[in-house]
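Please prepare a short briefing on the model shown below, with attention to its ligand surroundings and its sheet.

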Amino acid sequence: ENMIVLEAVEKVYPGSTSPAVERLDMSIPRGEIVMLIGPSGCGKTTTLKMMNRLIEPTGGRIILDGDDVTDVNGDQLRRKIGYVIQQGGLFPHYSIADNIGVVPKMLGWDKNRIKERADELLHLVGLEPSTYRDRYPRQLSGGQQQRVGVARALAADPPVMLMDEPFGAIDPITRDRLQDEFLEIQRTVGKTICFVTHDLQEAVKLGDRIAVFGTGGRLAQYDAPDTVLTA
Ligand code: ADP
Ligand code: ADP
């Protein structure tokens, strides 16, 4: 059963003559990790942002958990999708706990529940809650900020995670560790994940399936990692 279905999805940015994404058909089964890979500018980020409704498609449909995303309101979308970007995308003037609590707060959770959830998630991503909850992003290393970014996206326990090069700005050794941690966490939480990367090794290591984009946001290949590698 598919959690996300893209049907002939297209995006032409205003003022542009060629599509950033062209007639994209792709289905993401529940519980799988799908890696979007391809050269810079091939439409990976655009595709992710359309799933999240940060960008409106100019054609086609996106079905999320059975509903057309254009019919899903903001709160429902926040419950459904966690979003992780490069460098964590943390709010610099919020403490770590407040960063993790952003979505729960918007959803109206009470303060104690938000606090407990932040501690639980800090623990999950390998940061000691008592040490880190009251710190600010600038007091954390890049890798640690990225962990908080993952924790924040998981806060309201969304079934879907969209991750845009979450480990792209991290040194190779730390990145390797984060990838292992990510797979470990995925074994616990079992999300449906769409993960953008430009690193083939990362795609093969993490993906259940790999979507290879060509230029113009066309899907060139969509298969299991070993099939992609031998094609
Ligand atoms: P990728 O994530 O694969 O690097 P993007 O989705 O960011 O690719 O971009 C796809 C194409 O759309 C590129 O040609 C890019 O220049 C263009 N593009 C991205 N964002 C915008 C925008 N806001 N306005 C106009 N063109 C854009
Ligand atoms: P530093 O940047 O100070 O070297 P790291 O970022 O390398 O610290 O910390 C690595 C540890 O962080 C791993 O052992 C793991 O427990 C945890 N971790 C980091 N990022 C993530 C993530 N995105 N998902 C899950 N666990 C993570």
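A backbone N or O atom of G41 lies 2.7 Å from an oxygen atom of ligand 1, a polar contact being a pair of N or O atoms within 3.5 Å, where within protein one atom must be able to donate a hydrogen and the other to accept it, and residues adjacent in sequence count only if both atoms are side-chain atoms. This is a predicted model, in which local features need pLDDT of at least 70 and side-chain atom pairs count only at pLDDT 80 or more, while totals for chains, interfaces and linings use all residues. Residues are numbered from 1 along each chain as its sequence is written, chains are lettered from A and ligands numbered from 1 in the order in which they are written, and side-chain values use heavy atoms, with hydrogens and water left out.

**Ligand 1**
- Polar backbone atoms of K44 and T45 also approach oxygen atoms of ligand 1, at 2.9 Å for K44 and 2.8 Å for T45.
- Taken alone, ligand 1 exposes 570 Å², of which the protein buries 54% (accessible areas by the Shrake-Rupley method with a 1.4 Å probe; for residues, only the protein chains shown count as cover).
- The residues surrounding ligand 1 are Y13, A20, P39, S40, G41, C42, G43, K44, T45 and T46, where a residue is near a molecule if one of its heavy atoms lies within 4 Å of it.

**Ligand 2**
- Of the 13 residues around ligand 2, those that come nearest are S141, R147, R177, L178 and E181.
- On its own, ligand 2 has 560 Å² of accessible area, and the protein covers 80% of it.
- Both α7 (142–154) and α8 (172–189) supply at least two residues of the shell, to which α8 gives the most, with five residues (helices are DSSP runs of H or I of at least four residues, strands runs of E of at least two, numbered from the N terminus).

**Sheet**
- Six strands form an open sheet with mixed pairing, in the order β6-β7-β8-β3-β9-β10 (two strands pair if DSSP finds at least two bridges between them).
- Because β6 (81–84) and β10 (219–223) stand at the edges with a single partner strand each, one side of each is left without a neighbour in the sheet.
- Strand β9 (residues 209–213) runs antiparallel to β10 and is joined to it by four bridges, with V212 standing opposite Q221 in β10.
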